[in-house]
Amino acid sequence: MTHPLLTALAQARLRDAPIFVKWCELNGVSACPATPASVARFVTDCASLGTSRLWPALQDISRMHVAIGLADPTLGGPAARAMSAIAAIPPPRSWPGPFKHRFAALPYDIQVHLAAHETQRERALRRAQNDAASARQKLAACEAETKDGKTNGNEAATRDQN
């Protein structure tokens, strides 16, 4: 007979991270505590689910561990790299080369945020560059108009003197 506390714990685990727990049962690994390597293997094996289903599953794994005071096996390292490989979010173009390879080690939600922020920053930069170019064109046209006005005014003055 199974102890009621163990039964309740097993049900809580299944409720908190059902996809991962089922995967662990099928693959003979411990769901809690999970190792970062087993979480990475889970992500790789279940890549066909896509990021829209895998990311909530990783959050469930994280909550399951943190709730009982265990280290989060989903942060950084192998799990983040596995998720990054599936998501295929490129590192920000503005980052220096040596730091771009570290982008894959960031959690997926941070990568999404940084990528969106970078896109917004690049749009704002392009808009500012276009505005500056437009202002330069207007200034050049105004200067040309002023120069033409002075030249035409000088010719008229010269004709009047003759």
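Reader: Hi! How far apart are F20 and W23 in helix α2?

Author: Hello! In this predicted model, F20 and W23 are three residues apart in helix α2 (residues 18-27), so about one helical turn separates them.

Reader: Nice. And how many aromatic pairs does the count come to?

Author: The count comes to five aromatic pairs. F20 and W23 form a stacked pair, because their ring centres are 6.1 Å apart and their planes lie at 15°, and planes under 30 degrees apart count as stacked.

Reader: Switching to helix packing: at what angle do α3 and α5 pack?

Author: Helix α3 (residues 36-45) packs against helix α5 (residues 77-87) at about 15°, and their axes are 7 Å apart. That angle makes α3 roughly parallel to α5, since angles under 35 degrees count that way.

Reader: Is that crossing left-handed or right-handed?

Author: The crossing of α3 and α5 is right-handed.

Reader: Which residues make the contact?

Author: From α3 you have P36, V39, A40, V43 and T44, and from α5 there are P78, A79, A82, M83 and I86. By class, nine residues of this contact are nonpolar, one is polar and none is charged.

Reader: Good to know. Now confidence: what is the mean pLDDT of the chain?

Author: The chain has a mean pLDDT of 83, and 83% of its residues reach 70 or more.

Reader: Which elements have the lowest and highest mean pLDDT?

Author: Helix α1 (residues 4-16) has the lowest mean among the elements of the chain, at 61, while α3 has the highest, at 93.

How values were computed: Residues are numbered from 1 along each chain as its sequence is written. This is a predicted model: local features need pLDDT of at least 70, side-chain atom pairs count only at pLDDT 80 or more; totals for chains, interfaces and linings use all residues. Side-chain values use heavy atoms; hydrogens and water are left out. Axes are lines fitted to C-alpha atoms, for helices over the stretch in contact, and angles run from 0 to 180 degrees between N-to-C directions. Helices (H or I, at least four residues) and strands (E, at least two) are DSSP runs, numbered from the N terminus. Angles under 35 degrees count as roughly parallel, over 145 as roughly antiparallel, 65 to 115 as roughly perpendicular and the rest as oblique. A crossing is left-handed if the near helix is turned anticlockwise from the far one by less than a right angle, and right-handed if clockwise. Contact means heavy atoms within 4.5 Å. Ala, Val, Leu, Ile, Met, Phe, Trp, Tyr, Cys and Pro count as nonpolar, Asp, Glu, Lys and Arg as charged, and the others, Gly among them, as polar. pLDDT is the predictor's confidence in each residue, from 0 to 100. Rings of Phe, Tyr and Trp (its six-membered ring) pair if their centres lie within 6.5 Å; planes under 30 degrees apart count as stacked, over 60 as edge-to-face and the rest as tilted.
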